[in-house]
Structures are given as structure tokens and as C-alpha cells.
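Please open the model in your viewer and keep the selection tool handy. We will walk through a few stops together.

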Amino acid sequence: EAVNYLSQQNVLGVDTETEGKDFMRKRVIMFQIGTKDIQYVIDTRYNSIEPLIPILENPDIVKIFHNIKFDYKFLKSWWNVNIKNPYDTMLAEGVIHCGKRNVGYSLNALTQRYLGVELNKEVRNKFIGLDGKPFNTEQITYGAADVEHLISIYTQQMVTLKELDLLAVARLEMKASLAFGDIEYNGLEFNKDKWLQHAGNSELEVKEMEGELDKMIYALELNKFIKRSFQTDLFIPAEEIRKIDIKWSSPTQVLQVFKEYGLDIEKVNAFELSKFKNKALITKYLKYKEKQKVVSTYGRSFTKYIMKDGKIRTSFWQILNTGRVSSGSKEDRKPNMQNIPADNKFRNCFHARDGYTLVSVDYSGQELGIIASGSKDPVWMKAREEEADLHSICADMVFKEKWRQADADEKKKLRTMIKTINFGLAYGMSKFKLSDTLQISVDDAEALINKYFTVFPKIGGFLENLGNYGKYYGHIRTFKPYRRIRWFEEWHKGLSPRKDFKLLGAIERASKNTPIQGTGADMIKLAMVKIRDYINDNDYPAYMVTQVHDEIGVEVKDEHAEEWAQIQSQLMREAGAEIIPDFPMGVDHTISKEWCK
């Protein structure tokens, strides 16, 4: 009866109730599917949903979920379902409200917002620990109501998506969610022993750096922090006992040290301390903090993320302000795989499964290509098309005779300055940030930026137009065809923020940044969709396992590695061409048994 009815529908709501969050060990115990008029609630402890799989995989029927990645991984794990034509109310809400804070994307938040209905959390919690007991009427009606709610929310969201011209980007996000789901599902093999060896070495390096900082306290004669007396130890020579009374990992104690040192600061974060990089103690401490953070985040404790099959799995939130993604979840104990140190001694601890090879493909200079296409600057366009060294070409045009007469070391310095500006354009870099990065005065940084835009007026005009648009309209969009919106929430709270120059400055920088970063995000998500479709349509022996900014990693059978590198590279170039048709996006690939940079 269910199959006959559901197969004739155009739109269906779908939901599951599970024993927990781990799709590898916990079961789906209830499966709900239907329309606003009729909902079917299936006890999957005793009934298979196999007869419904053709409906879930029918590309002509819209399937509405809330947080589809969660349900998809369970359905894939237990019934090998490959959902087609999905709609996700949570992702749709993220697209509609991108840039706004404290919106709330849970199903309960959406039912209250759209339907004036508050879900009963007590009933939801009663699905845990049933141990085969039959569902009661309250649980069954709760499950059925979820389906009905999804369709009602979908109907209202579709109106808003059409009004805001966001249907295309919403559909992209929903297709991409299945690719992100595959990455979460597949995971990456992990060499625990190698990781622990590196963690131990890093701990020793931190200890050595603490010793070097201690020596600097002696040299600077900061006697307040040198112990006059100390506890001896029978097994440690007196000269080896630490006599410095500072816990270098404590910001509070370090702040007292730096105040005694003569610094007028209230915090010891990198931004505050960067102003004093010319002081040896500060430089050494900043390096220590970087290493110490690596140890605390990617040290021995990282092994807690290993799952029962020996793999590491992350989770993704797909829609940040710019449209880029974040990785990791403290609540679900998932690591941030987008922030693994680029050092190969960390990345090499992740490896392909037996008989497979890792192929990683990334866009080369993606952001620079987007800027070139958006500005239509002839120098940038020509340099990119000829695959020339853009930074050197720009340095030659900005510095002229100074560049041409410079020796190798001076040219390297000048090229770094221009490279910093080129990449900084994608982040709305200010004169203050450039000053801090290059360690030059703010006046010199401002003069360098002005000179740069004098040489490249089209780039300056392109960025200025973006900044003015955001300040005038209170939002900004990414490039066609997706035209994702980022809202500037403070702008819409009234007229007074428009007179707040600090706020307007922040909006201007974000307006320059978002179309570049967000268009890059649209591009990589489209590439993920293309790669996933190719793998599924051709039953290709490959699995998506990583996505880090503009890089996608795929595990592929050893004998197909070279072929797949070419296929994936072409698919990513095609994705680039759909968004930037006037500019060929370059890609680079690596083929290895271990994940590498």
C-alpha cells in the first residue's frame, strides 16, 4: 500500500528515529515517509524498508529531510540507499539566513518559526533504550507529525527561495550534502603509532622551547620570576632543576611576565603581541604558542577520535557566512580535518585503505582566478591564461626600476610584498593588516596599496564596487549562476548603523571578501557534486574521503589512480568553467598512498 501510494507522489517528507548518533553501531528503529495527507510509520526493528528504496532513489520525486547527512549515513549503512533529488529544510534555512546570527536551524526552531509548533523533546528521548518494546501511540504520532511538518516548512521555504533568487544555490547545497555525507561515511585510515611518535617528538620540542624561554628570563634579569629557593631531588642534579616560576602555557602568568618586561598590553593573543615582533622574547613566545597549540590539538589526545574500524571521521557544517564550510564537532566528538597541520608528518598519518591510492586535486590560485575574472584586469587575465608568475609580473609593474635592478634576495622580498597584497585582496586586507603582515609602518602600507591600485585600477574598481554595494544594500552576493546572499544583519537593524563608520568598514571588507571566498566555495561544492555523480553513475571504484578548502581527496583502486587523477582534474575544471566561463581554472594533483600536502 505504501509503495503504491508513495510512488505516485512528486514530493515526500522523510525522517528517521535511531538508537543514537553512530551510524556504524546504532540502528534505525523507525522510518517515517509520506505526504501532508498520509504518513507511513514503519518499525524498522521488524520490517525492512527495502521495498521503498526505488522511491528514495527515484530522481523525479523530491525527498524532504531535515539534516539529510544524518539520515543518509544511516540509510546507506543499513540498506545501502543512494538518495536522489533531496531537499533539506536545515540547509535551505542556512541559505536563506546566511550571515545572520543566532537564527536556530534545528527542526524545533523551524517548526516554531514557520508553524508556531513546539516539538515535544520528551517524546523524542523515549526512542532511546526501547530494547524491542513496541512504539506507543504518542511515539507513532510524533514520528508521523515530523513528516507533515517537513512538507509544510518546505512549502514556505520554497516561496522565500524563489523570491530571493536562491533556488539554484539551495539545490547545489543539497546535492553537495550527499558528497559531504559520503566523506563523513567513508572516513580515512589512520596510523595511530606514527601519530603518537610525532606527538611525543612535538612534546619534547615544546619542553625545549620552554627551556629557551627560561634562559631568556635569566638573560633579561627578570628576577621577579626566578625562584630564590627550590625543592631539591635526590635523582635530579640541582643545576637541572627548573628555577623559573612561570607556567608558559598560562596566559595570565605570561601577561605578568610581559608587563614586567615593559609591554603595555592587556592580553597575550597573537594580534596584540604581533606589534612587538621585533623583541626576541615575544618572537620566541609566539613560536612556542604555535607549537604548544599543535601539541594540545593534534597531540596524543587526537587519538580519541579513532572509531571502532580504526578510521578517523569528521563532520561538516556546510554554510558559513561566506558559503565555505567548517569541519569538526565537539558535541559529536569529531575532529577538524580542515585544520590538520600542513606538515606532512601529520598528514602522512592518514592513508588509503589496502589496495587503494589517495588522489588529491586542488585548484591552483583559485581566488586569484576569481579576482581576475571579476575585475577583467588585462594583466591578470593574460598572466593566468599563460600560466605566468603573476606575483613577479605585478611586482615588476608596481616597483619598476627598483624591481629590475634588484638582486635575487631583494626581488624575493618585493615579490613577497606583492604576493601578500594579491592574496590579501580576497580577504579585504586593510592597510593595518598589511602593515602587521609585512612589518612595515601603516603609512608605508597605505602608500603601497595606493600604488598597487594605481597600477591595477580595474582590480581597485572591482573591489570598490563590491564594498559600496554591501554598504548600500546591506547584503552581498557571489558570482552567477548561484548568487549566494550574505546578509549584514547590523545594517538591517535601523539607520544608525549606516552612520557607524567602524561597522561600515567591517561591512565593506566583508563585501569585498565574500564574493571571492563564496564563489570559490560554490565552485568546490559543484566539483564535489560532479565527482560524486561520476563515481555513482559509472560504478567507479573510488570513495571521496577529504575536502579541505579548494582540495578534494578521493581513494581509488591502485590500478586506476593515474586515470582517476585525469578524470577528477577534468571534472574540477568543468566546475570552474560553469562559474567562471571566461577563465580556465588550473588544477594540481598528487597521487600517494598517504595523505600529503
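Is E221 buried or exposed? Select E221 and see: this is a predicted model, and in it E221 is exposed, with a relative accessible area of 59%. E221 sits in the loop between helix 9 (192-219) and helix 10 (251-260). Its phi is near 55°, a positive value in a residue other than glycine.

Next, go to N67, in the loop that links strand 4 (62-65) and helix 3 (68-79). Here too phi is positive, near 65°, and the residue is not glycine. N67 counts as partly exposed, at 26% relative accessibility.

Now show helix 15 (residues 378-385) together with helix 16 (residues 390-399): their axes come within 10 Å and cross at roughly 145°. The crossing is right-handed.

For the next stop, select residues 480 and 481. K480 and P481 are joined by a cis peptide bond, with omega about 5°. P481 belongs to the loop between strand 12 (475-477) and strand 13 (485-487).

Finish with helix 22 (residues 501-537), whose 37 residues reach 53 Å from first C-alpha to last, close to the 54 Å expected. Look for a bend of about 35° at T514, with a proline, P515, following within four residues. Helix 22 is largely enclosed by the rest of the structure, because 27 of its 37 residues are buried. After helix 22 comes D539, with a positive phi near 50°.

Conventions: Residues numbered from 1 in each chain as written. Predicted model: local features only at pLDDT ≥ 70, side-chain atom pairs only at ≥ 80, totals over all residues. Heavy atoms only, no water. Axes fitted to C-alpha atoms, helices over the stretch in contact; angles between N-to-C directions. Helix = DSSP H or I, 4+ residues; strand = E, 2+ residues; numbered from the N terminus. Left-handed = near helix turned anticlockwise from the far one by under 90°. Expected span 1.5 Å × (residues − 1). Bend = angle between axes of the 7 residues up to and from the residue. Buried < 20%, exposed > 50% of the residue type's maximum accessible area, 1.4 Å probe, protein only.
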